Amino acid sequence: MALEIKKFNSPVLRKKTVKIESFNNKLKETVLEMKKTMIEKEGVGLAAPQVGISKKIIVFIDMEKQEVKELINPIVIQRGRKKDIKEEGCLSFPGIYLKIKRSLFIKVKGYDVNGNKVEIEAKEVLSRILQHEIDHLNGILFFDRLSFFKKIKFKIKNRGFNRYIN
Ligand code: CO
């Protein structure tokens, strides 16, 4: 069964997450549940706070390799200077798509579910997904990445939304 997705007004989405210290069976179970949930909801990425778990876990789809992967305690170690603007969605903001500027290339390090060190060089779509999900681990939502004027326009267009986002 899929886990419940926390929506934009949920405080857990704004909390800073804690590092995973032990790669035990509970972690494996959580990662598996998160992957199932992401697939069921047809997302391309999911961060633990979105299912109410304030820990540094993300899962995502690597389309190039056609694999569903996890990354534990991920850190961005390199960020390309070239950026592009593309539309993004977020399972915590159903039906909302925003054009967000992100680096085309990033290098991320972290661990897999078994505690093995992993380094990923990601470009384009995967780079975007990883930046979006790692932002979640720092309490940052995609809306925060809009430029000042776009934020204001969005707020005017979506009045009911205003009190949930800063
Ligand atoms: Co999201």
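Contact, as the word is used here, means heavy atoms within 4.5 Å. This is a predicted model, in which local features need pLDDT of at least 70 and side-chain atom pairs count only at pLDDT 80 or more, while totals for chains, interfaces and linings use all residues. Residues are numbered from 1 along each chain as its sequence is written, and side-chain values use heavy atoms, with hydrogens and water left out.

The protein chain holds three helices and seven strands, where helices (H or I, at least four residues) and strands (E, at least two) are DSSP runs numbered from the N terminus. Read from the N terminus on, the elements follow the order α-β-β-β-β-β-β-β-α-α. The radius of gyration, taken over C-alpha atoms, is compared with a globule rule of 2.2 Å times the number of residues to the power 0.38. Because a compact globule of 166 residues would have a radius near 15 Å, the 15 Å of the protein chain agrees with that rule. Along the principal axes, the C-alpha atoms fill a box of roughly 45 × 35 × 25 Å.

Burial is judged by relative accessible area, with buried meaning under 20%, exposed over 50%, and partly exposed in between (1.4 Å probe, protein chains only). By that scale, buried residues make up 46% of the 166 residues in the protein chain. Among contacts between residues at least 6 apart in sequence, 62% join residues at least 24 apart. The protein chain exposes about 9,700 Å², of which carbon and sulfur atoms supply 51%; accessible areas come from the Shrake-Rupley method with a 1.4 Å probe, and for residues only the protein chains shown count as cover.

As for charge, Lys and Arg count as positive and Asp and Glu as negative, while His and the chain ends are not counted, and the place of a charge is taken as NZ of Lys, CZ of Arg, CG of Asp or CD of Glu. The mean positions of the 36 positive and 20 negative charges of the protein chain are 8 Å apart.

We turn next to the metal site. The cobalt ion has as its protein donors Cys 90 (SG), His 132 (NE2) and His 136 (NE2), which lie 2.0 to 2.2 Å from it; donors are N, O and S atoms within 2.8 Å of the metal (3.2 Å for Na, K and Ca), and since water is not among the atoms, sites may look incomplete. Along the chain these donors follow the spacing C-x41-H-x3-H. Distant parts of the chain are linked by the pair of Cys 90, in the loop between strand E4 (83–88) and strand E5 (98–103), and His 132, in helix H2 (residues 124–137), the two being 42 residues apart. Both Cys 90 and His 132 are buried.

Ile 58 is found in strand E2 and counts as buried, at 0% relative accessibility. Leaving out residues up to four places away in sequence, Ile 58 touches a set of residues including Met 34, Leu 46, Leu 71, Leu 130, Ile 134 and Leu 137. Its C-alpha atom is 16 Å from that of Val 125, a residue 67 places away in sequence. Phe 60, likewise placed in strand E2, is buried with a relative accessible area of 0%. Apart from its neighbours within four places in sequence, Phe 60 is in contact with residues that include Met 38, Val 44, Ile 120, Leu 126, Ile 129 and Leu 130. The C-alpha atoms of Phe 60 and Glu 133, which are 73 residues apart along the chain, are separated by 8.4 Å.

Helix H1 (residues 25–40) contains Lys 26, and Thr 37 has its place in helix H1 as well. Lys 26 counts as exposed, at 59% relative accessibility, whereas Thr 37 counts as buried, at 0%. Not counting residues up to four places away in sequence, Thr 37 touches Ala 2, Leu 3, Ile 5 and Leu 46. The C-alpha atom of Lys 26 is separated by 32 Å from that of Glu 124, 98 residues away along the chain.
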